[in-house]
Amino acid sequence: MSYKCGSYHIIEKTAISAGIYSYVILCPDVAEEARPGQFVHIKVEGFTLRRPISICDIDRRNGSIRIVFEIRGHGTAKITDSNVGDNIDMIAPLGNGFTLIENIASDRRIITVGGGIGVAPLLGAAKVFRESATAIIGFRSYAQIILANDFKQSDVHVITCTDDGSVGVKGSVVAPLEAELERNDVDMVYACGPQPMLAAIVKICESTGVKCEVSLEQRMGCGVGACAVCACGITREQKESMLMVCKDGPVFKGEEVLL
């Protein structure tokens, strides 16, 4: 694992929904190394432990990365006190990202499936494939929708789902995923979101023979695999073991994870 530790300049801050913020951070050394699916570990003033936040997008040309996160406690709320022009202390890029298919055939696709804030780490992966990607994104209602336009602006086909039916497909992301996989032109599914959603996605992909990778959300301490706070159950070669989400993940093969 190769990562940098430093103080980096905030060049953009946007509130994109209630309690959800987007930051663009100038960090050429990090942007050069980062891959979709990895994360950053941010030091928060007044708190002992850093906060892990997924990398949403990578702009190597301009030397920046984008993070999108939801306020979930005092620590993440404190991060939002930082504004454009301030510096942010972070260790990055951390963890293992998505396995990106090279030279995907013109008649093949990848699908990203995200629920809620789990949509954020999928944007960078979808942008790699652009028109060869379909993003299925699920939210409780219209008011919670984030990043839909960002996917569309990258020529990614977007299917929006809302629990209340206020926009797009009414219900979860599961039915649209099943319908898309029936077309038999999908090489990979990347997913991030609530655990029940991931379990359903893995089951569907296994039944259709489509490869699947899932990004797990987990509480972390050190962020580099030393403290074991983020241990998760994995099955490999018919043996169960505990691996670290921060070091061995956060992205795992879907069939490996004990959900």
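Me: Which residues does His-41 contact, leaving aside its neighbours within four places in sequence?
Reply: In this predicted model, His-41 is found in strand β3, residues 39–42. Leaving aside neighbours within four places in sequence, the contacts of His-41 are Arg-50, Arg-51, Pro-52, Asp-89, Met-90, Ile-91, Leu-94, Met-220, Gly-221, Cys-222 and Gly-223.

Me: Is His-41 buried or exposed?
Reply: A residue counts as buried under 20% relative accessible area. The relative accessible area of His-41 is 0%, so His-41 is buried.

Me: What is the volume of the largest pocket, and which residues lie nearest its centre?
Reply: The largest pocket holds about 780 Å³ of space. Its lining is made of 26 residues. Nearest the centre of this pocket are Pro-52, Arg-72, Thr-76, Gln-218 and Arg-219.

Me: Which element gives the largest share of the lining of the largest pocket?
Reply: Two or more lining residues of the largest pocket come from each of β4 (51–59), β5 (64–70) and α2 (74–79). The largest share is four residues, and the element that gives it is β4.

Me: Which residues are closest to the centre of the second largest pocket?
Reply: The second largest pocket has a volume of about 490 Å³. It is lined by 24 residues, and the closest to its centre are Gly-115, Gly-116, Gly-138, Phe-139 and Arg-140.

Me: How many residues in the lining of the second largest pocket are nonpolar?
Reply: In the lining of the second largest pocket, nine residues are polar and five are charged. The nonpolar residues number ten.

Me: Is Ser-64 buried or exposed, and what does it contact?
Reply: Ser-64 is found in strand β5. Its relative accessibility is 5%, so Ser-64 counts as buried. Leaving aside neighbours within four places in sequence, Ser-64 contacts Ile-11, Val-24, Ile-25, Leu-26, Cys-27, Ala-31, Ile-58 and Asp-59.

Me: What span should helix α6 have?
Reply: Helix α6 covers residues 195–208, which is 14 residues. The expected span takes 1.5 Å times one less than the number of residues.

Me: Within what arc do the buried residues of α6 fall?
Reply: In α6, the buried residues are Met-197, Leu-198, Ile-201, Val-202, Ile-204 and Cys-205. They line one face of the helix, because seen down the axis of α6 they fall within an arc of 165°.

Me: Which exposed residues does the face of α6 turned away from its buried side carry?
Reply: The buried residues of α6 pack against β7 (109–115), α5 (174–181), β11 (186–192) and β12 (211–215). On the face turned away from the buried side, the exposed residues are Pro-196, Lys-203 and Ser-207.

Me: Which residue with a positive phi follows α6?
Reply: After α6 comes a residue whose phi is near 75°. That residue is Gly-209.

Me: How far apart are the C-alpha atoms of Cys-227 and Thr-99?
Reply: Cys-227 lies in the loop between β12 and β13 (231–236). At 35% relative accessibility, Cys-227 counts as partly exposed. Not counting residues up to four places away in sequence, Cys-227 touches Gly-221 and Cys-222. Cys-227 and Thr-99 are 128 residues apart along the chain, and their C-alpha atoms are separated by 26 Å.

Methods. Residues are numbered from 1 along each chain as its sequence is written. This is a predicted model: local features need pLDDT of at least 70, side-chain atom pairs count only at pLDDT 80 or more; totals for chains, interfaces and linings use all residues. Side-chain values use heavy atoms; hydrogens and water are left out. On a 1 Å grid over the protein atoms alone, a cavity is a set of points where a 1.4 Å probe fits but cannot get out, and a pocket is an open set with protein on both sides within 12 Å along at least five of seven lines; lining residues have an atom within 4 Å of a point. Grid points are joined across faces, edges and corners, and a volume is the space filled by probe spheres set on the points. Ala, Val, Leu, Ile, Met, Phe, Trp, Tyr, Cys and Pro count as nonpolar, Asp, Glu, Lys and Arg as charged, and the others, Gly among them, as polar. Buried means under 20% relative accessible area, exposed over 50%, partly exposed in between (1.4 Å probe, protein chains only). The arc is that of the directions from the helix axis to the C-beta atoms. Contact means heavy atoms within 4.5 Å.
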